Amino acid sequence: MSKEKEGCNDLTGFAFSYFIVFVIAPAKILKYLTDQNRPYSAIDILNNLHKEFGKTCITRVLEQLVSSGKIKEKVYGKQKVYVIDQSQLPDVDEKELTAMDKKIAELQEKVTAAKSKTKSMEGRKN
């Protein structure tokens, strides 16, 4: 084996699994939980990530993220549920919430108008 392939450039076996468990998987799982912002069990995460990582890997990563304080763990009987720590998310100010409510109302009006237009066009067709 040449010297170029030795050391850090050779991610095989244990080094590769270490790289997956401690670098790639935590980043992807944390991003997934942050994007979804809802509680999931380890099995839910396994299925929603389309089995990209194994169950053991996901469980280890979740425990690692809990111990680092990035996510919270809630135990319901035998089931463990994981959720992103809400204190790490940015606060939304009242102006933003009001603007979002106005936008939602406008979009609901557009949907209602589009539905009525569709019904009238379907009525003409028949």
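**Salt bridges and accessibility**

Tutor: Glu-73 and Lys-80 form a salt bridge, their closest N and O atoms being 3.8 Å apart. The model is predicted, with local features needing pLDDT of at least 70 and side-chain atom pairs counting only at pLDDT 80 or more, while totals for chains, interfaces and linings use all residues. Residues are numbered from 1 along each chain as its sequence is written, and side-chain values use heavy atoms, with hydrogens and water left out.

Student: Why is the contact of Glu-73 with Lys-80 called a salt bridge?

Tutor: The term requires a side-chain nitrogen of Lys or Arg within 4 Å of a carboxyl oxygen of Asp or Glu. The separation is 3.8 Å, so the pair qualifies. Glu-63, Glu-73 and Lys-80 are linked in a network of salt bridges.

Student: What makes Glu-73 partly exposed?

Tutor: Buried means under 20% relative accessible area, exposed over 50%, and partly exposed in between (1.4 Å probe, protein chains only). Glu-73 has 28%, and therefore counts as partly exposed. Lys-80, at 34%, is also partly exposed.

Student: Why is Lys-31 called exposed?

Tutor: Its relative accessibility is 51%, so Lys-31 counts as exposed. Asp-35, at 49%, is partly exposed.
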